[in-house]
Amino acid sequence: MKSITIKRQFIIVILATTLICIVSIIPIKLAIAHYQNPIPQAILTLGGGHQREVFTAEFARLHPNLPIWISSGTNEVRAREIFESAGVDNHRINLDYRATDTVTNFTTLVADFKQKQIKHIYLITSDFHLPRAKAIAFVVLGSQGISYTPVPLATNRPPEPKFKIVRDIGRSFLWVLTKHRGSSLNF
């Protein structure tokens, strides 16, 4: 009985130490990425309504050389119409529909960014959603040495509940440790 308690305490200490190490390394990786690439190299918009794509299309016109990723946004035909009507070149747009929630918006695209050596992105989402998106980006993108500059779309909606932020921070750390997305924890 006593050996089980000691083993359990040992496991807790190991997990806590690992988490502390990850948390302390992320700001260093973010600082290095931001220093090496102070200007964003791409635009990432999190799906959640066509208004985000309309906002992104206007934003993209101000940044004509940046590739654009839309993660699980409106359907492809509608998204392409929005960008075309704003005069944004279709070749800049990467529509990705693998994500099923905010955590997977990041975890499904982080490898694409790393492959293309993108170290700094503009992160576009609605203002009410931004605190959660930034918390997830800090863990997922930061753990991979990718910096982000948030760009909020103004809305009249109240901020999301804090429990969603805490839950998704936990899911993000689960992904960093195991590469498991914890989608079943999406309650």
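Trainee: Just after α7, what phi does Lys179 take?

Mentor: In this predicted model, Lys179 takes a positive phi of about 65°. Most residues other than glycine have a negative phi.

Trainee: How do you know that α7 spans about what is expected of a helix with its number of residues?

Mentor: Helix α7 covers residues 162–178, which is 17 residues, and from the first C-alpha to the last the helix reaches 24 Å. The expectation at 1.5 Å a residue is 24 Å, and the value found is described as close to that figure.

Trainee: Which residues of α7 are called buried, and what makes them so?

Mentor: The buried residues of α7 are Ile165, Arg167, Asp168, Arg171, Ser172, Phe173, Trp175 and Val176. The word applies because a buried residue has a relative accessible area under 20%.

Trainee: Why are α6 and α7 called roughly parallel?

Mentor: The axes of α6, residues 130–143, and α7 cross at roughly 10° and come within 9 Å. Angles under 35 degrees count as roughly parallel, and α6 is therefore roughly parallel to α7.

Trainee: Which residues make that contact, and how do they divide by class?

Mentor: On the α6 side, Pro131, Arg132, Ala135, Ile136, Val139, Val140 and Ser143 take part, and they meet Lys164, Ile165, Arg167, Asp168, Ile169, Ser172, Phe173, Trp175 and Val176 of α7. By class, these residues divide into 10 nonpolar, 2 polar and 4 charged.

Trainee: Why is Val54 called partly exposed?

Mentor: Val54, in helix α2, has a relative accessibility of 37%. Because that value lies between the 20% limit for buried and the 50% limit for exposed, Val54 counts as partly exposed. From Val54 to Phe83 there are 29 residues in sequence and 7.4 Å in space, C-alpha to C-alpha.

Trainee: What makes Ser126 buried?

Mentor: The relative accessible area of Ser126 is 5%, and since buried means under 20%, Ser126 is buried. Ser126 belongs to strand β4, residues 120–126, and, with residues up to four places away in sequence not counted, touches Arg52, Leu153 and Thr155.

Trainee: Why is Asn37 called buried although its place is in a loop?

Mentor: Asn37, in the loop between α1 and β1, has a relative accessible area of 16%, and because the cut-off is 20%, Asn37 counts as buried. Apart from neighbours within four places in sequence, Asn37 is in contact with Lys119 and His120.

Trainee: Is Gln117 buried or exposed, and how do you know?

Mentor: Gln117 has a relative accessible area of 62%, and because exposed means over 50%, Gln117 is exposed. Gln117 is placed in the loop between α5 and β4, and has a positive phi of about 55° although it is not a glycine.

Conventions. Residues are numbered from 1 along each chain as its sequence is written. This is a predicted model: local features need pLDDT of at least 70, side-chain atom pairs count only at pLDDT 80 or more; totals for chains, interfaces and linings use all residues. Side-chain values use heavy atoms; hydrogens and water are left out. Helices (H or I, at least four residues) and strands (E, at least two) are DSSP runs, numbered from the N terminus. The expected span of a helix is 1.5 Å times one less than its number of residues. Buried means under 20% relative accessible area, exposed over 50%, partly exposed in between (1.4 Å probe, protein chains only). Contact means heavy atoms within 4.5 Å. Axes are lines fitted to C-alpha atoms, for helices over the stretch in contact, and angles run from 0 to 180 degrees between N-to-C directions. Angles under 35 degrees count as roughly parallel, over 145 as roughly antiparallel, 65 to 115 as roughly perpendicular and the rest as oblique. Ala, Val, Leu, Ile, Met, Phe, Trp, Tyr, Cys and Pro count as nonpolar, Asp, Glu, Lys and Arg as charged, and the others, Gly among them, as polar.
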